[in-house]
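Please look over the sequence and the model, then read on.

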Amino acid sequence: MGSRIKKIIQNSIGILIGSVFLFLTLREKPMAPVWESLANADYFFILLSFVCLFIIFYLRALRWKLLIEESGEKPKSDKVLTSVLLGYFVNSFTPKFGEIIRCTSLQKTTQVPVSVSMGSVMAERAYDLLILGLGVFAVFWIELDRLQGIMDSTIGGISHIYGYRYLYVIPIAILVLFILFLVSLRRIKKSERRPVKKIVEFLQSMFLSLKQGLLLKKRFQFIVLTLLIWTMLVVLNYIYLLCLPETSGYSFSFAIVILFIGGIGWALPSPGGIGTTHFLLLQLFLAFQLDPNAGISFGILSNGLTFIGTIAIGGYGYFRYWTETKTLEKAAKA
């Protein structure tokens, strides 16, 4: 029950954050031009975006498989792809809970321990956060004059949820929790209770997998896959620009800026980046002195198509997972 309540609280916080940022984005904005723009979207590029999104998922599956193999496991590519699709499907409705789902589903279909896959997911996220951080830093460095107000606007949006005084408490709270975690970990290691020992073994296996994922043997393949993933993400954002008449003339380089500024919104704990990405994209269009209505239209279209595409492709992954588990159950009974 405690775990269920915790999930409900986490989901509620994510929905609250997304709702507040969505309200800040759409308040006092004329929506008629936005709906007209969306109605004139190019269906060819909409369909092309779904193809591009599937390629990104496939590349992510190949990269995750590579990280898992660092721990000595040899899962099949199609099983890994199924778990990745299922995980992103769940992430569309909950803030980051899909990472747990893809690890548990992979264990059921390939017997890869959850501790191993979870450690590889942590390594994967660490690399992606590094690239996102470097990309955001580079974009702000190049476009500092235009973008310096975005962080102020974002902090102002967060303050509507928590209040300004709590912004200073967050880093202190994280530090205190980290210290408590280290102290608790030392006490847990000394415990002789069987349930506690199992938890310790799980954590040790997970962190070993994380360490192996960070100290890659197949560095070249990992770097190539990572570059391909982030390149395709830029291409996806450029396709989204081509969907709308108002943004079809924007440059490919602007799609790079969109990726990293919008990526901040995806990194925040809002289901599917709803609200947070819309808010940041609107601030980006305003910073570049572009039509704010076009920014709202682009935010709704890009986030909406990503959501719909993830649901459709992830639904296919859920069907694959369902059929695979049913096959395994029949084989076990035979």
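## A buried leucine and its surroundings

Leu86 has a relative accessible area of 5% and counts as buried, because buried means under 20% relative accessible area. The model described here is predicted. Leu86 is part of helix 4, which covers residues 77-91. Leaving aside residues up to four places away in sequence, Leu86 is in contact with Ile101, Ser105, Tyr318 and Tyr321. Ile101 is 15 residues from Leu86 along the chain, and the C-alpha atoms of the two are separated by 7.4 Å.

How many helices and strands does the protein chain have? There are 13 helices and 0 strands. Read from the N terminus, the elements run α-α-α-α-α-α-α-α-α-α-α-α-α. The protein chain has 334 residues, and 46% of them are buried. Of the contacts between residues at least 6 apart in sequence, 74% join residues at least 24 apart. The chain exposes about 18,200 Å², and 68% of this area comes from carbon and sulfur atoms.

The UniProt record, an unreviewed entry, places the feature "transmembrane region" at residues 7-26, 38-59, 126-144, 164-185, 220-241, 247-266 and 296-319.

| Span | Helix | Strand | Distance between end C-alpha atoms |
|---|---|---|---|
| Residues 220-241 | 100% helix | 0% strand | 32 Å |
| Residues 296-319 | 100% helix | 0% strand | 34 Å |

Pro245 is found in the loop that links helix 10 (219-243) and helix 11 (252-267). Is Pro245 buried, partly exposed or exposed? Its relative accessibility is 47%, so Pro245 counts as partly exposed. Residues up to four places away in sequence aside, Pro245 touches Ser37 and Asn40. The C-alpha atom of Pro245 is also 7.0 Å from that of Ala41, a residue 204 positions away along the chain.

Another part of the surface is a nonpolar patch formed by Phe44, Leu48, Val51 and Ile55. Together these residues have about 340 Å² of accessible area. One of them, Val51, belongs to helix 3, which covers residues 43-69. Val51 has a relative accessible area of 47% and is partly exposed. Val51 can be part of such a patch because patches are made of residues with over 30% relative accessible area.

Methods: Residues are numbered from 1 along each chain as its sequence is written. This is a predicted model: local features need pLDDT of at least 70, side-chain atom pairs count only at pLDDT 80 or more; totals for chains, interfaces and linings use all residues. Side-chain values use heavy atoms; hydrogens and water are left out. Patches are made of residues with over 30% relative accessible area and no salt bridge: like charges are joined within 9 Å, nonpolar side chains (Val, Leu, Ile, Met, Phe, Trp, Tyr) within 5 Å. Accessible areas come from the Shrake-Rupley method with a 1.4 Å probe; for residues, only the protein chains shown count as cover. A salt bridge is a side-chain nitrogen of Lys or Arg within 4 Å of a carboxyl oxygen of Asp or Glu. Helices (H or I, at least four residues) and strands (E, at least two) are DSSP runs, numbered from the N terminus. Buried means under 20% relative accessible area, exposed over 50%, partly exposed in between (1.4 Å probe, protein chains only). Contact means heavy atoms within 4.5 Å. UniProt positions are given in the numbering used here, feature names are shortened, and annotations may be inferred rather than shown by experiment.
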